[in-house]
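Subject: Structure for your review

Dear colleague,

Please find the structure below, together with its sequence. My notes on it follow.

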Amino acid sequence: MLSPTTERLSSTVTIDVVPVGHAISALLDGQQAAIAAVRLAVGDIDQGAEVMASAVRSGGALVYAAAGSSGLMALADACELSGTFGISPESIRIYMAGGVPADGYMPGDTEDDVDAAQAVGRGVKRGDVLIVLSASGTTPYALAVAESAKANGGTVIALANNPQTPLLDIADVPICLETPPEVIAGSTRLGAGTAQKAALNLMSSMMGVKLGHVYQGMMVNVVADNAKLIARAAGIVSRVADVSMPEAETALQKAKGNPKLAILVAKGVTVEAAGDILDAHGGHLGPCLQSLKPIQT
């Protein structure tokens, strides 16, 4: 039986016996090949984004689970959702085999911990979405989480870097990121990890778009909880509402830091009315602004 692609020796440059410049170029080529693999999966990635958006709309949870470097990719994506798109942190759950490392040690044997994985899966209920990752597509932890979650009524989005693998077979939304053999054989933190990170970025970003948290390329549901983000939010309000920065800052204060509300407030409505308008249009700012036009004479 042939070994999976993620375990094979690469036919490119042997980086430990060539000049440094050639070695780094080979590593970079591997990263670029990984990104090319993501492009082939854009349809499935968009399907995953729609499933995630539907879960958020209905009050379901987004549950990320993986082992090893795949877990780190999941962690990076999940932790950004609240600040970037204003997704409630209570609706986001993150599980890494063995737990999120607090230091530089990430034991490998935890990816075989099926009991812990099944416990995670049992916590994924109908209406929730499990986003599970495994470069090989055969990691016991990932398989057990997916099987348990699906049996419990959850929807499973799975990312794997080998085609026709058990994890993809389990998934409701299988996303195959068929990356070539790693330049350092088996080191899936390289190309496979890059492809996973990019795919997760695309999927969660498109989820944000579908939820109405992006308007004209701006993150209009950003959580402004530091000086930089407060300034960014004020700039967004100023630009979209076409008001001065002081006016934008005042609107943000009235809206308690919520940029969408602040934009509507800056256009002349009360905070309460702004909330009603947003609710009426599913949180999408464009239709809200269109609805105000007839009264702006």
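The protein chain exposes about 14,300 Å², and carbon and sulfur atoms supply 55% of that area. Please bear in mind that this is a predicted model.

I begin with the chain as a whole. The protein chain contains 12 helices and 7 strands, and its C-alpha trace spans about 70 × 50 × 35 Å along the principal axes. Of its 297 residues, 46% are buried. The chain carries 19 positive and 28 negative charges, whose mean positions lie 9 Å apart.

Helix H8 covers residues 227-241, which is 15 residues. From its first C-alpha to its last it reaches 21 Å, close to the 21 Å expected at 1.5 Å a residue. At the start of the helix, a side-chain oxygen of asparagine 226 comes to within 3.1 Å of the backbone nitrogen of lysine 228. Just after H8, aspartate 242 adopts a positive phi of about 60°. The buried residues of H8 are Leu229, Ala233, Ala234, Ile236, Val237, Ser238, Val240 and Ala241. Their cover includes strands E6 (214-215) and E7 (218-219), as well as helices H9 (245-254), H10 (259-266) and H12 (285-292).

The loop between E7 and H8 holds asparagine 221. Is this residue buried or exposed? Asparagine 221 counts as buried because its relative accessible area is 14%, under the 20% cut-off. Leaving aside neighbours within four places in sequence, asparagine 221 is in contact with Thr84, Phe85, Gly86, His213, Asn258 and Lys260.

A second residue that I examined is isoleucine 45, which lies in helix H2 (residues 42-57). Isoleucine 45 has a relative accessible area of 4% and is therefore buried. Not counting residues up to four places away in sequence, isoleucine 45 touches Val38, Ile175, Ala199, Leu202 and Met203. How many residues separate isoleucine 45 from alanine 199 in sequence? The two are 154 residues apart in sequence, while their C-alpha atoms are 6.8 Å apart in space.

Kind regards

Note on methods
Residues are numbered from 1 along each chain as its sequence is written. This is a predicted model: local features need pLDDT of at least 70, side-chain atom pairs count only at pLDDT 80 or more; totals for chains, interfaces and linings use all residues. Side-chain values use heavy atoms; hydrogens and water are left out. Helices (H or I, at least four residues) and strands (E, at least two) are DSSP runs, numbered from the N terminus. Buried means under 20% relative accessible area, exposed over 50%, partly exposed in between (1.4 Å probe, protein chains only). Accessible areas come from the Shrake-Rupley method with a 1.4 Å probe; for residues, only the protein chains shown count as cover. Lys and Arg count as positive and Asp and Glu as negative; His and the chain ends are not counted. The place of a charge is taken as NZ of Lys, CZ of Arg, CG of Asp or CD of Glu. The expected span of a helix is 1.5 Å times one less than its number of residues. Contact means heavy atoms within 4.5 Å. A polar contact is a pair of N or O atoms within 3.5 Å; within protein, one must be able to donate a hydrogen and the other to accept it, and residues adjacent in sequence count only if both atoms are side-chain atoms.
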